[in-house]
Structures are given as C-alpha cells and as structure tokens.
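Reader: I have a new structure open and would like to be walked through it. Can we take it a piece at a time?

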Amino acid sequence: MIQSILDNDLYKFTMQLAVLELFPKAQAEYRFINRGTQRFSAEFVEELKRVINEDLPKLALTEEEYNWLSEHCPYLKPMYLEYLKNFRFKPHEVKVCLTEEKDLDIHIKGPWHSTILWEIVLMAAVSELYFTIIEKAWKGDSEDGRTPESVLAAYENRIFEMGKILEENNCLFSEFGTRRRRSSEIHDRVIKTLAGIKTLIGTSNVYFAKKYNLKPIGTVGHEWIMGTSALVGLRYANRFAFDNWVNVYNGDLAIALTDTFGSKAFFKDMDLRLSKIYDGFRHDSGDPYDFVDAVIEHYRKMGIDPMKKLIVFSDALNTDMAIQLKRYCEGKINCSFGIGTSLTNNSDFFRESPPLNMVIKLHSIDGIPVVKLSDSPEKETGDRDAIRVANYIFGRKGLDE
C-alpha cells in the first residue's frame with residue numbers, strides 16, 4: 001500500500017526539516033477524526049496494526065532516492081537528507097483501537113520531527129484497507145459483468161477526460177490525492193494517465209513525482225502554524241510561522257496557507273515584507289470567490305500588483321469548480337489548483353462507494369492543545385476549550401459563544 005518512504009506528500013518532508021532545525025525537542029500528539037459515516041471492523045484494525053508494526057518500519061530511503069532528492073529538491077538541506085536516510089517509522093508512536101461505535105481511534109505521540117511523517121501514510125493505509133476489507137462492491141463481480149480490471153480501465157478513461165477538460169480550459173493543476181486515495185494502484189494509474197496532460201504541473205506525492213518525472217509540489221500545512229501557536233505565540237502565530245519559514249527556506253517554497261485561524265487573522269499578520277517575499281496564498285476553506293476578492297484587496301492595500309502573485313486553490317476541488325474559479329480570476333490574479341480526492345477517489349465515479357471523510361490533525365505540542373479554526377466552521381479541530389480561547393483571542397467569538 002505504501003510504496004516507499006517517499007510515498008508521502010512533499011510538505012511533510014519540508015515541515016520535518018523545519019521542525020528539526022527550529023524545534024528539535026518539541027513533542028507532538030496527533031488524532032484521527034472521522035467526519036463521515038463509514039464504520040470499521042476488528043479485522044480492519046488488526047490489518048492496520050500489522051501494516052503499522054510490520055510493513056511501514058521496513059521503509060527506508062534508498063541511495064537512488066537520496067540522489068534524486070538532492071537533484072530535484074535542492075531546498076532540502078544535506079543535513080536533512082542524512083537524517084531522512086536514517087529515518088524509520090517507529091510503531092510505538094501509534095496507538096489504534098476500535099470504539100464501541102465501530103469508529104476508528106488513532107493517537108500518534110512522540111517527537112514532532114519523528115511523528116510528522118505518519119499522517120499521510122496512515123490515512124492512505126486506512127483508505128485502502130477500508131476499500132479492500134470492508135467496502136468491496138466497487139470492484140465489480142461476475143454477476144454485474146464488471147471485473148476489477150474493467151473498473152480500473154473505465155476509471156482511467158474518466159481521469160483522462162477530466163485532465164483534457166482542465167487542459168482545454170488552460171487550468172494549471174497539481175495532483176494532491178495521496179491521503180484519501182482508494183488504492184495505491186489507482187493512484188499510480190491516475191498519475192500515469194495525467195502525465196501527458198500539458199497543464200499538469202506536478203504532484204504532491206514525492207514517490208510518484210520521481211517515478212513519472214514530475215515536479216514535486218508542496219510547501220506548508222496547517223500543523224506548522226498550529227505548532228507555532230504553542231511554541232512561539234498564539235495571537236501572532238501566522239506571522240511567527242511564516243517568518244520562521246523564511247528563515248529556514250530563504251524565499252523558497254513561498255506559498256502561504258491562509259486559514260488556520262481564519263483568513264482575517266492571516267491578512268492582519270501578513271505585512272508588507274511577508275506579502276512581497278511570498279509568491280502567493282493557498283485557499284483551503286471558506287468561500288473561494290470571497291477569498292479572491294480579499295486577496296486582491298490585500299495586495300492593493302500593500303501597493304502590490306496582484307497579477308504578479310498567485311492563488312493556489314485546494315479545497316475539495318473538481319474540474320467544474322476549477323474552471324469557474326479560473327474564469328473568475330482571469331485578468332485579476334494568477335491561479336492554480338491542487339486537486340486531490342476527485343482524482344484518486346472520485347465520488348461521482350464511485351457513486352455508491354464514497355471516499356472516507358477523514359483527517360489526522362495535530363492535537364497538542366509539548367502538552368499544549370492546538371487548534372485549527374478554519375474559514376469553514378465544520379473544519380474546526382482541537383480541544384473544545386482551546387477552540388473557545390482561540391476564537392476569543394482572534395476576535396471571532398466571545399468566550400461563551
């Protein structure tokens with residue numbers, strides 16, 4: 001299911017480097033959150049434990065992979081590549097059990113720099129195991145005349161059609177689908193199918209970037225800002241986080257994620273210096289059209305031409321949404337798209353077998369609860385009291401609301 005130590009999203013590696021450099025002693029806790037209705041089984045949990053205890057610890061960076069990273073990801077410093085060469089997943093950091101409601105309970109605890117790589121591989125494993133052990137009808141059977149190969153071939157055709165539509169509308173896009181992919185095989189076929197699409201600019205998955213000679217795409221995730229809020233300060237966590245990112249990467253990987261504590265708090269912290277250093281902003285929650293207007297207004301207030309900047313959209317996108325947003329941005333600001341689940345686990349194609357709606361989120365750093373507030377209320381995560389305090393500090397709600 002997990003093909004390589006590089007079968008992970010680039011931003012996990014870039015954040016791992018930054019954590020090692022700035023917060024090497026920080027201790028982290030992550031928790032699994034199932035936002036959907038799907039439930040699990042004892043057989044599923046036992047197989048997931050086997051993957052965690054037997055399969056994942058065998059993964060190690062090969063010499064070929066080491067050399068490829070050195071050449072294609074020059075922002076990954078030699079010190080870090082040596083660390084990654086010696087990195088192994090530590091099963092004792094992960095605890096898995098089945099709740100009375102047949103839901104999945106996953107806790108990850110340990111040094112931040114070590115535990116940071118678990119999120120994506122665990123979610124990919126959870127998804128593939130679910131569609132292997134529990135929900136299997138999507139593969140077809142002899143009674144309905146479908147075979148697993150015919151289903152996969154039809155899926156490849158659907159992905160190619162999606163890619164051509166994006167290409168015809170000149171939508172620059174990256175594949176972001178590792179975490180909720182239906183299977184590693186489907187993911188591989190998706191990348192292979194899309195590799196010939198002219199407007200595909202890369203993939204977040206480093207293993208497939210190497211395999212198909214694509215650009216690995218990624219910068220930073222919510223956990224970088226969330227962790228900073230505990231280790232440096234909450235009120236100006238965005239500013240501290242993105243200042244520190246510049247200190248580590250010197251202007252490389254300069255797309256800033258905006259919605260950790262709501263975009264209003266983000267724009268307040270994104271001063272002239274940071275607005276000039278960063279190439280653009282990533283949208284991951286809230287109304288995307290309102291966001292475009294807010295970004296353009298922000299740049300104009302700073303005296304910056306929006307047409308010299310970029311918005312990366314990455315919130316549950318499909319082809320229609322990407323095309324509409326491209327048209328809205330036309331002549332106002334540049335844009336590109338990170339498209340994930342609709343490529344690697346398309347709910348329109350697998351209509352009777354929807355993807356898992358799950359996340360693994362940072363819960364605490366050094367015992368201090370951390371939260372994500374988001375621009376979409378349903379995406380709030382974290383300890384309830386910590387969310388109340390954060391909403392109050394950022395002026396979003398009163399303590400009793």
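Author: What follows goes through the domains, the contact between them, and then the strands. Keep in mind that this is a predicted model.

Reader: Fine. Which domains does the assignment give?

Author: The domain assignment gives domain 1, made of 8-134 + 355-368, and domain 2, which covers 146-342.

Reader: How far apart are the C-alpha centres of domain 1 and domain 2?

Author: Those centres lie 21 Å apart. In the contact, 42 residues come from domain 1 and 35 residues from domain 2.

Reader: And how much area do domain 1 and domain 2 bury between them?

Author: About 3,400 Å², with 64% of it on carbon and sulfur atoms.

Reader: What about polar contact across that interface, how many residue pairs?

Author: The rule finds 17 residue pairs in polar contact across the interface of domain 1 and domain 2, counting pairs with both residues at pLDDT 80 or more.

Reader: Which elements of domain 1 give two or more residues to the side that touches domain 2?

Author: They are α1 (10-22), α3 (63-72), α6 (118-134) and β10 (358-365). The largest share of that side comes from α1, with 11 residues.

Reader: How many salt bridges are there between domain 1 and domain 2?

Author: The count is 4 salt bridges.

Reader: Separate item: what does the side chain of K12 meet?

Author: The side chain of K12 meets that of E223 in a salt bridge, at 2.4 Å from N to O.

Reader: Switching to strands. What is the order in the open sheet?

Author: The open sheet has 5 strands in the order β2-β3-β1-β10-β11, and the pairing is antiparallel.

Reader: Why is one side of β2 and of β11 left without a neighbour in the sheet?

Author: Because β2 (94-98) and β11 (368-369) stand at the edges, and each has a single partner strand.

Reader: And β1 with β10, over how many bridges do they pair?

Author: Strand β1 (residues 27-34) pairs with β10 over 7 bridges, in the antiparallel sense. Within that pairing, F32 has I360 of β10 as its bridge partner.

Reader: Next, β4 and β5: parallel or antiparallel?

Author: Parallel. Strand β4 (residues 173-175) and strand β5 (residues 200-203) pair over 3 bridges. F173 stands opposite L200 in β5.

Reader: Which helix makes a β-α-β unit with β4 and β5?

Author: Helix α8 (residues 184-194) does, and the β-α-β unit of β4, α8 and β5 is right-handed.

How values were computed:
Residues are numbered from 1 along each chain as its sequence is written. This is a predicted model: local features need pLDDT of at least 70, side-chain atom pairs count only at pLDDT 80 or more; totals for chains, interfaces and linings use all residues. Side-chain values use heavy atoms; hydrogens and water are left out. Two strands pair if DSSP finds at least two bridges between them. Helices (H or I, at least four residues) and strands (E, at least two) are DSSP runs, numbered from the N terminus. A crossover is right-handed if, with the strands pointing away from the viewer, the path from the first strand over the helix to the second runs clockwise. Domain bounds come from an automatic or database domain assignment. Contact means heavy atoms within 4.5 Å. Buried area is the accessible area (1.4 Å probe) that two parts lose on being put together, summed over both. A polar contact is a pair of N or O atoms within 3.5 Å; within protein, one must be able to donate a hydrogen and the other to accept it, and residues adjacent in sequence count only if both atoms are side-chain atoms.
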